[in-house]
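Please look through the sequence and the model shown below before reading on. The report that follows takes up a few residues and then turns to the chain as a whole.

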Amino acid sequence: MMNLFNLENRVAIITGGAGLLGVKHAEAIAEIGGIPIMVDINEEKVKSEAQIIRDTYNVRAIGIKCDITKTEEVKNILCKIINDFGQVDIL
């Protein structure tokens, strides 16, 4: 898989980042060099899962609390991500 895809330094926002599928998507992105930005309403869980991915894959994974049904929260995290990383490549 790593020979087919290279996501090095690509920023990927993953909604539902603390859930099983969100974590698995973040792991897949991290494994091939991407930067998973895990977004979830459960702040404690999403930050914990991001820490595990950072430690396991040695990538810059971030867990951010956000209720994606609230427009202002989405705008705020998007501004933060753009400010911190300069881009969003994958959603």
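## Two asparagines with positive phi

Asn 58 is found in the loop that runs between helix H2 and strand S3 (62–65). In this predicted model, the phi angle of Asn 58 is near 55°, which is a positive value in a residue other than glycine. Asn 58 counts as exposed because its relative accessible area is 71%, and the cut-off for that word is over 50%.

Asn 9 has its place in the segment before S1.

## Order and overall form

How many helices and strands does the chain have? The secondary structure comes to 3 helices and 3 strands, and, when the chain is read along its sequence, these elements follow the pattern β-α-β-α-β-α.

For a chain of 91 residues, a compact globule would have a radius of gyration near 12 Å, and the value for this chain, 12 Å, agrees with that expectation. Taken along the principal axes, the C-alpha atoms fill a box of roughly 40 × 25 × 20 Å.

In soluble globular proteins, nonpolar side chains tend to be buried together. The largest nonpolar core of this chain has 15 residues, and those that touch the most other members are Ala 26, Ile 29, Met 38, Ile 53, Val 59 and Ala 61. Strand S1 (11–15), helix H1 (20–31) and helix H2 (43–57) are the elements that give two or more residues to this core, and H1 gives the most, with 4 residues. Apart from this core lies another one, of 10 residues, which includes Ile 35, Cys 66, Ile 77 and Ile 81.

Ala 61, which is among the members of the largest core that touch the most others, can also be described through its own contacts. When residues up to four places away in sequence are not counted, Ala 61 touches Pro 36, Ala 50, Ile 53 and Arg 54.

Leaving aside the neighbours within four places in sequence, Gly 22 is in contact with Ile 14, Gly 16 and Gly 17. Gly 22 and Val 46 are 24 residues apart in sequence, and their C-alpha atoms are 9.4 Å apart in space.

Lys 24 also has its place in helix H1, but this residue is partly exposed, with a relative accessible area of 46%. Between the C-alpha atoms of Lys 24 and Ile 53 there is a separation of 10.0 Å, although these two residues are 29 residues apart along the chain.

## Surface and charge

Of the 91 residues of the chain, 36% count as buried. The chain exposes about 5,700 Å², and carbon and sulfur atoms supply 53% of this area. As for charge, the chain carries 10 positive and 13 negative side chains, and the centres of these two sets lie 3 Å apart.

Terms used
Residues are numbered from 1 along each chain as its sequence is written. This is a predicted model: local features need pLDDT of at least 70, side-chain atom pairs count only at pLDDT 80 or more; totals for chains, interfaces and linings use all residues. Side-chain values use heavy atoms; hydrogens and water are left out. The radius of gyration is taken over C-alpha atoms; the globule rule is 2.2 Å times the number of residues to the power 0.38. Buried means under 20% relative accessible area, exposed over 50%, partly exposed in between (1.4 Å probe, protein chains only). Accessible areas come from the Shrake-Rupley method with a 1.4 Å probe; for residues, only the protein chains shown count as cover. Lys and Arg count as positive and Asp and Glu as negative; His and the chain ends are not counted. The place of a charge is taken as NZ of Lys, CZ of Arg, CG of Asp or CD of Glu. A nonpolar core is a set of buried Ala, Val, Leu, Ile, Met, Phe, Trp, Tyr and Cys residues joined through side-chain atoms within 4.5 Å. Contact means heavy atoms within 4.5 Å.
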